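Here is a report on cavities, a surface patch and salt bridges. Keep the model in view while reading.

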Amino acid sequence: MSIRLTALYLMVAGLSIYAWKDWFKSLCGLILLMAVIEHGDMPRTILGIQGLNPWNVLFSAIFLAWLASRRSEGLTWDMPQHLSVLLAVFLGVIVFGVVRAALDLDRIPGYTAGDLLSEELVNTIKWVMPSLLLFDGCRTRKRVIIAFTCLLVMYCLIAVQVVKRMPLQAAFSESSATIMHARRRLNEGVGYHATDLSVMLGGACWGLVAALPLAPKRLHKVVVAAAAGMVAFGQVLTGGRAGYVAWGATGLVLCLLKWRKYLILAPIVVLSLPVVFPGATARMLEGFGQTDVTGETAVDEFAVTSGRNLIWPHVVEKIKDSPWIGHGRRAMQRTGLQKALLDQYGSGEAVAHPHNLYLETLLDNGILGSIPIWLFYALLVVYAAGLFRSTNRLYSAVGGLAVALMLTSLIGGLSGQHYFPQEHTLGIWAAVFISLRVHLEEKRARVDADMCGDLLGPHAVLLGRSDPVTHASRFQKVPE
């Protein structure tokens with residue numbers, strides 16, 4: 001057994017035992033483990049048993065410790081009812097899609113009922129579970145800061161791996177082919193796909209910028225700013241064009257929401273990027289300004305969309321076959337669409353999913369199944385954006401990370417991503433549910449402040465009623 005695996009098993013064993021003393025801190029350790037969960041050295045099984053791996057073992061111990069400690073901590077499930085209902089409907093949509101696929105299993109080549117249950121149901125739901133535990137546990141300011149910091153560190157660790165794996169000339173070479181050739185190392189080393197990494201790091205970069213006001217000293221601010229720059233450089237090296245667009249669009253939205261004075265810098269950033277990172281710029285502009293056989297300048301749609309322009313029309317036509325309830329999970333295989341694309345275009349353009357988050361959910365779930373999913377995401381974005389605009393530095397940082405990660409995922413979803421949870425989206429779900437906890441506590445604090453003001457009248461100003469943020473800093477006290 002290698003030193004790396006020995007250290008991994010010791011860490012998992014230690015956190016599993018420590019979970020019975022403090023399940024929350026062990027949960028934060030589990031989140032940090034996401035930085036290497038897809039690494040090539042990470043064991044996928046233990047003793048050849050499917051589903052038995054270090055991450056699952058650690059999460060099981062944390063989950064059991066959480067259940068045992070809820071009574072002693074006096075915790076009650078207090079997620080707002082409308083969000084609980086939407087979350088339950090989201091789960092119901094996933095279950096319904098899996099059941100439909102199970103009834104049509106013979107049309108998924110090489111897939112057994114066990115594979116379907118494990119991959120499409122259990123491994124989908126489990127990536128949300130740690131985030132629900134975070135929501136239940138972040139009842140003090142200290143816990144919110146710990147969880148928030150662990151999320152940022154996780155993304156920084158992923159960015160470090162990207163920078164280590166990718167040659168630096170990928171960012172500075174004027175040939176986009178340099179990035180495309182080198183990015184194969186990311187799948188082999190880091191484990192996450194390059195397009196997913198680009199979206200992940202794009203959101204994390206803005207999350208670190210939003211966290212700058214939390215840094216108590218100038219040196220700390222320099223460290224956070226340097227981390228944001230390193231994460232941004234890691235994203236440049238991924239060559240993920242959807243992530244580039246999502247990064248820019250998310251930054252623009254954040255400026256419109258709160259950082260309006262920085263809008264003046266936007267043209268400078270846009271004009272300087274081709275000079276600083278010519279490789280990323282060449283990758284971004286691939287397919288534009290192509291010269292055809294007549295000598296005319298044109299746009300190569302195939303190059304711009306990486307072949308997605310050939311796939312999307314077929315997906316839209318298949319959606320029209322069942323627009324209201326869709327086709328269920330694994331629809332690309334079960335409807336024969338993947339095989340048809342393979343026969344028509346060859347293996348290079350054959351895909352297992354539509355490479356578009358919105359088309360994917362319409363194909364799988366139809367309009368009726370997609371509406372509650374879109375509504376759920378919309379509410380979470382609104383709540384996180386509200387926190388981001390707060391004058392409370394912690395609330396603004398938490399909301400900024402959540403809204404940045406969600407927006408980059410939703411914008412990047414135009415050419416990829418998935419509506420259902422996966423490994424690379426755990427950080428998004430975690431940030432979302434931390435921000436939801438903070439939103440809930442902030443709302444309660446405002447209600448308490450208003451009630452106090454009504455009782456004390458003009459003397460309420462002495463208690464800070466004129467500044468609701470003062471009251472909003474209170475959290476329910478639970479044992480640390």
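The largest cavity has a volume of about 120 Å³. Of its 14 lining residues, Tyr 377, Ser 409, Thr 425, Ile 428 and Trp 429 are the closest to the centre. Helix 20 (357-388), helix 21 (393-412) and helix 22 (426-456) each give two or more residues to this lining. By class, the lining has 11 nonpolar, three polar and no charged residues. In total, the structure holds three cavities of 30 Å³ or more.

This is a predicted model: local features need pLDDT of at least 70, side-chain atom pairs count only at pLDDT 80 or more, and totals for chains, interfaces and linings use all residues. Residues are numbered from 1 along each chain as its sequence is written, and side-chain values use heavy atoms, with hydrogens and water left out.

A cavity is a set of points on a 1 Å grid over the protein atoms alone where a 1.4 Å probe fits but cannot get out; lining residues have an atom within 4 Å of a point. Volume is the space filled by probe spheres set on the points, which are joined across faces, edges and corners. Helices are DSSP runs (H or I, at least four residues), numbered from the N terminus. Ala, Val, Leu, Ile, Met, Phe, Trp, Tyr, Cys and Pro count as nonpolar, Asp, Glu, Lys and Arg as charged, and the others as polar.

Leu 265 sits in the loop between helix 13 (241-257) and helix 14 (266-276). Its relative accessible area is 40%, partly exposed. Buried means under 20%, exposed over 50%, and partly exposed in between (1.4 Å probe, protein chains only).

Salt bridges number 14 across the whole structure. Each puts a side-chain nitrogen of Lys or Arg within 4 Å of a carboxyl oxygen of Asp or Glu.

| Pair | N to O distance |
|---|---|
| Lys 25 and Asp 22 | 3.9 Å |
| Arg 139 and Asp 136 | 2.6 Å |
| Lys 339 and Asp 343 | 3.0 Å |

Arg 139 is buried at 1%, and Asp 136 is buried at 0%. Lys 339 and Asp 343 lie four residues apart in helix 19 (residues 337-345), about one turn of the helix. Lys 339 is exposed at 55%, and Asp 343 is exposed at 54%. Elsewhere, salt bridges that share partners join Arg 70, Asp 78, Asp 136, Arg 139, Arg 437, Glu 441 and Arg 444 into one network.

How values were computed: On a 1 Å grid over the protein atoms alone, a cavity is a set of points where a 1.4 Å probe fits but cannot get out, and a pocket is an open set with protein on both sides within 12 Å along at least five of seven lines; lining residues have an atom within 4 Å of a point.
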